[in-house]
Amino acid sequence: MSVAGQTSPSTMTATPAPAVVIDGLHKQFGALTALRAVSATIHTGRLTGLVGPDGAGKTTLLRILAGLLTPSTGRASVAGLDVVVDNDAIHHATGYMPQRFGLYEDLSVLENMRLYARLRGLDTTRNADLFAELLEFTRLAPFTARLAGKLSGGMKQKLGLACALMARPKVLLLDEPGVGVDPVSRQDLWRMVQALTDDGMAVVWSTAYLDEAERCDSVLLLHEGRLLFDGPPQRLTAQLRERSFRLENVGAGRRALLTAALDLDSVSDGVIQGAGVRVVLRAGAASNDIRALAAQARVELAAVPARFEDAFIDLLGGGPGGTSALAERLPPVELDSPSAVSCRDLTKRFGDFTATDRVSFEVRQGEIFGLLGPNGAGKSTTFKMLCGLLKPSSGQAQVAGHDLRHATGAAKSRLGYMAQKFSLYGLLSVRQNLEFAAGVYGLDGATRRGRIEDMIDTFDLGPWLAAAPDALPLGHKQRLALACALMHRPPVLFLDEPTSGVDPITRREFWTHINGLSRRGVTIMVTTHFMDEAEYCDRVAMLYRARLIALDTPDQLKRRAIDSARPDPTMEDAFIHLVEAADLQLAAA
Amino acid sequence: MSTPRARMQALVGAHLRRFDGRRLLALVYKESLQALRDPSTLLIAFVLPVVLLLLFAYAVSLDARHVRIGVVVESPAATAQSLAAAFAATEYLDAHFAHDRREVADALVAGTLRGFVVIPQDFEQRLARPGDGPLLQIITDGSYPNTANFVGNYAQGVVQTWRTGRDGAASATPLALEPRYWFNAQLESRRALVPGAIAIVMTIIGTMLTALVVAREWERGTMEAVLSTPASVVEILVGKLLPYFALGMLSMLTATALATFAFAVPLHGSLAALLLLSAVFMVPALGQGLLISSLTRNQFLAAQIALFSGFLPAFMLSGFLFEIDAMPAPIRTMTWLIPARHFVSSLKTVFLAGDVWCVFLPNLFAMAAIGAVFFLFAKRATRKNLEP
Amino acid sequence: MRRLPSSLSFTRLHAQFIKEVLSILRDPRSRMIVFAPPLLQLVVFAFAATLEVRNVDVAVYDQDAGRWSHELVQRLHSARFIAQVRVVDNPAQVRDLLDRGKVIAALAIPADFSRTIAAGGTAHVQVLVDGRRSNSGQITVGYLASIAAELGAQADTDGAAASPAVVVRHWFNPNLTYRWFIVPGLTGILALFSALLITSLSIARERELGTFDQLLVSPTSTLEIIVSKSLPALAIGTLLGLLMVAAATGPFGIPFSGSFVLLLASLVLFILSAVGIGLMISAVSMTQQQAILGAFAIGVPAVLMSGFATPVENMPLALQWAAQAIPLTHFLIIVEGSFLKAMSAGDVLGNLWPLALIAIATLSMAAMFVRGRLQ
């Protein structure tokens, strides 16, 4: 970390001044308070994570630091420059990557880079070396001529980062750069940011993914505009000593066991990890209950090291309960076909480009089936063909026994669909969205009224009925989207990156419902970049370069990645291992 | 990695100015690429003017030609036949002969005829006793007033000429008008309409397109990224506007070239004056687009407002299609606030009359003044941050 | 319990219809934008769009100053279409006034004017007209000619030439009130633009916001999507049209002589064909910007070719054929005919079937484009 000081001594002051000083920052938007009395210091040469649930004020804080918003009261300075007084200079000292990339989709990779280079006063002809370096750094060199709109999510993030890095700012502000990025690209991002901090830059990384926060040098934890924690993540995690456990190798009963565990008073949080269940006890709670539960289920209970995520959930008062009110109300699903979703030799070609190449698999009823793969591997093309959004070039796809090509209507009425952006009608109220969802699936009369009332009760949407979906808190918005997708009680539910950019608490609530649905016999198809989510799946299909390269349980996939360096690989390790192995195989062939 | 950083350190000091040519150039380049890559931009900037000019040249002709009228010849007399022949001979009327009034009356309702002339049974007698009453009757379709007027006047003229030809100089009128049309001797309406086409297309590009593209940057979030760079508001806005300024001028030149070379519309004034007028007109047009988008930051509303405040007034109230003098006083007053009105008035002069600076100067001043007001408001509505 | 999905289900259609109506009308801002501007435009343009000539100035360069020239100037002063008669005393002033567009025409009365008339000859007055205003100039000359004719009649004591040889009668609109023509026409144009803009944005907006995928995974059919997107625009367009027809017959006092039922049927078919064009544009557009500009690139030429600005029969034959493909062309004939001409059912139907044909063609094309998106 001292490298920076040595390479350009003239620019560094003798004692390393803090990169960012925030002092009593307060920000008000009308009646809404986004930030309350936030004070913190961010140091150079370090990666600082900015974490917190949705609506905590992360984006507002970053925008103030980037000089895009003015604080209501309080002060903030970046690289010694006041964000209000020296607003012009702030833009030279900071690099900022907004949540929506800020890329021009109809410009190519190189054109985007040139634009931001010139805006930051760089001469692009004399800085060919810098461009080559950045392209190498981001591994975007083969794609310089591609339009930004045609890049995959991960490549967009890397390009956004490259643009923010032009002219080497002293402070780099990144707003949720990890959203929609596959594990391989995420590794690249980390590598890039690591190199920058080693070089003396201060990097602020805002995120809702807590495994990312865990890798930061320091963390600022915001909640409802307040700073709850400021320090290295290990310090927060350390407070949770001996409260994390794992119920090992539970197998088929793990969802029921998780529900039971979460319903215990002594348990504050729990998630599924492959065949096991991971739980966190409340502060001061004894482990008697959970031990009894383990004994009852005849599974082993192992103490595991605490994660930052455990501490985060604990600090915010624990996760939601384990029982899904939704699943309780749902009658068990009966399916007359042996497989809920199946495809044989499914292929999609766009011109001479093959997006999906002879993919075959079968999904059993009640299974949670994950579709994983790096950005651009053909995952979403396959997914779209399975739910009828794209017509296959060849091969077959069936949903609940209905062929998508011939009995499109029949197949479509048996599936529910929830997309990444929730796809709610922003111009309609919450109730009108529910009415629409019921109507478009052909429900009418008493059935329709009954179902809508059911959904309102189940998801506690009563107080929000007249509001526009965009006015809802993220968690409620997600509930509404799920309610709309389930209105017609489909036996098969398709989820397209359902929790992308969603904070851990909202994510847990969502998975509580999904687990409940699965126990009622609903088949779930899910695509995700979020490896914790893959752990919830019964089986995972891994797509890479348009082909199916692996299809197995999460535990088996992890087992394949075991080597001397990684005796206990994570799902992310397994993902990267599979991709690297496939690359090797391709190179050999 | 130390060299770029050292360089950056040096640059920070040098670039703490408000305005930087290279940054502006980068923004202009970016915007031009975007504009040229979107087929809808090219459609509006280059295809629409051509279509409009073609339509103005061939379709929107205010010069009536071959207007279909019925000629009912009830009289078998030779004089009646001779008058009917006079109607048949004119190139402005397309005479259809009939024997029954009811037949042509029905055609008039159906809209297949625009008028008819009845040469009555007793035409010979009426001709013999002038002064007793009218010779014949001309009926027009009043539901199209302009055409009706033309048919009435022209048919009257045909009869007049026919009579003069018969009587010789006997009934010479004591007072004859000799009209001479300056600037447009052939009275071709396309000459008067070309300026309108230019004004309409430049309004669409300047106001509508600009409002859309600025609103789009807000909607897509790219504005946030650009605002976080050292580029100043002035640079961002000028960078946004310059390409559309150029596009508007190019579109104008395309239209002018097409009009002068293909449709033989003369350009009596100088090209320099035309360029100056167009350039100054782009100021209020762009300013209006910028103001609309800064206020709405939403493409749907921006398009609607630009339609109703920019495009339709330029079409209806600029004086290229409808006479401003004939409008009621409140609307006449309103037209002074419409930049296209001043532009159209100057364009007509520069095309048909020449460089008449006493016409141009007040128009130039008015356009610049309206533009300045728009920009003042737009500047106030755009701040260099994301504060709502 | 579950009904077999068919290509047209009332429940699904109803749900989508409500959704479409709410998307347009729930927001008060867009509610205002949909209804207020067209009605306002109707009022402004009804007065502004006129090809009559009023309030113009003319110059007189009187070199005679005799009895008859005085008489002529006097008549010009009292002419209703002239706002001001500017008397000038040299040709340079005439040129200047014309150049600057201060006067639309200038009359040069020769020195022997009164003498020639008194001697029974034909006196010639030169009229210099501003050809930049070609149409108004022509009409002005027409007005001046009738003043000259009146003056000639007064001078010609014989009275032989004074008897009107020809009587011109304007049927349906005896005073040739331009507003009687413009207001019914505007009804069609403004309703067309509203329907076009609403529908051209409808699919493009859902696509940009991602809700279109949600719609496509539901069992709803392409037919239902097209029908549900057509109906609200159809309802709004028709309502706007009716409001404007009411304004035309009420405040504007334009006589309505035809069949209201037939006009309503034509209005519905007309809006439906406009909706088809709008949906076609929307289905091929990638973004809202493209949809809006596309609607313009189609709408503006369509209005110019429809016969509103100038009669269709003035155009070359090829364009006359092309004009038949424009819904507005047919609707204009029906609406003008229904207001002023008491157009018969047969004549209305003659213009109604092309509207139906255009509507069917455009709506099927729109459905094809939407379906093509799934490939």
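How many bridges join strand β1 of chain B to β2(B), and do they run parallel or antiparallel? Here are some close-ups of this predicted model.

**View 1. β1 and β2 of chain B, side by side.** Six bridges link β1 (residues 67-73) to β2(B), and the two run parallel. To pick out one of these spots, look for B:Gly70, whose bridge partner in β2(B) is B:His96.

**View 2. An open sheet built from chains B and C.** Going across, the five strands come in the order β2(B)-β1(B)-β3(B)-β4(B)-β5(C), with mixed pairing. The edges belong to β2 (93-98) of chain B and β5 (166-171) of chain C; each has a single partner strand, so one side of each has no neighbour in the sheet. On average, neighbouring strands here are turned by 25 degrees against each other, ignoring direction. Helix α5 (residues 101-110) of chain B packs on this sheet, touching β1, β2, β3 and β4 of chain B plus β5 of chain C. The helix direction makes about 165 degrees with that of β3(B).

**View 3. Another strand pair across the chains.** β5 (residues 175-182) of chain B pairs in parallel with β4 (residues 123-130) of chain C over eight bridges. In this pair, B:Arg180 has C:Leu128 as its bridge partner.

**View 4. Where chain B meets chain C.** Contacts involve 105 residues of chain B and 100 of chain C. About 9,300 Å² is buried between them, 67% of it from carbon and sulfur atoms. On the chain B side, B:Pro174, B:Leu175 and B:Trp182 lose the most area, together 8% of what that side buries.

**View 5. A salt bridge between the chains.** The count between chains B and C is one: the side chains of C:Lys341 and B:Asp141 meet at 2.9 Å, N to O.

Definitions and conventions. Residues are numbered from 1 along each chain as its sequence is written. Chains are lettered from A and ligands numbered from 1 in the order in which they are written. This is a predicted model: local features need pLDDT of at least 70, side-chain atom pairs count only at pLDDT 80 or more; totals for chains, interfaces and linings use all residues. Side-chain values use heavy atoms; hydrogens and water are left out. Two strands pair if DSSP finds at least two bridges between them. Helices (H or I, at least four residues) and strands (E, at least two) are DSSP runs, numbered from the N terminus. Axes are lines fitted to C-alpha atoms, for helices over the stretch in contact, and angles run from 0 to 180 degrees between N-to-C directions. Contact means heavy atoms within 4.5 Å. Buried area is the accessible area (1.4 Å probe) that two parts lose on being put together, summed over both. A salt bridge is a side-chain nitrogen of Lys or Arg within 4 Å of a carboxyl oxygen of Asp or Glu.
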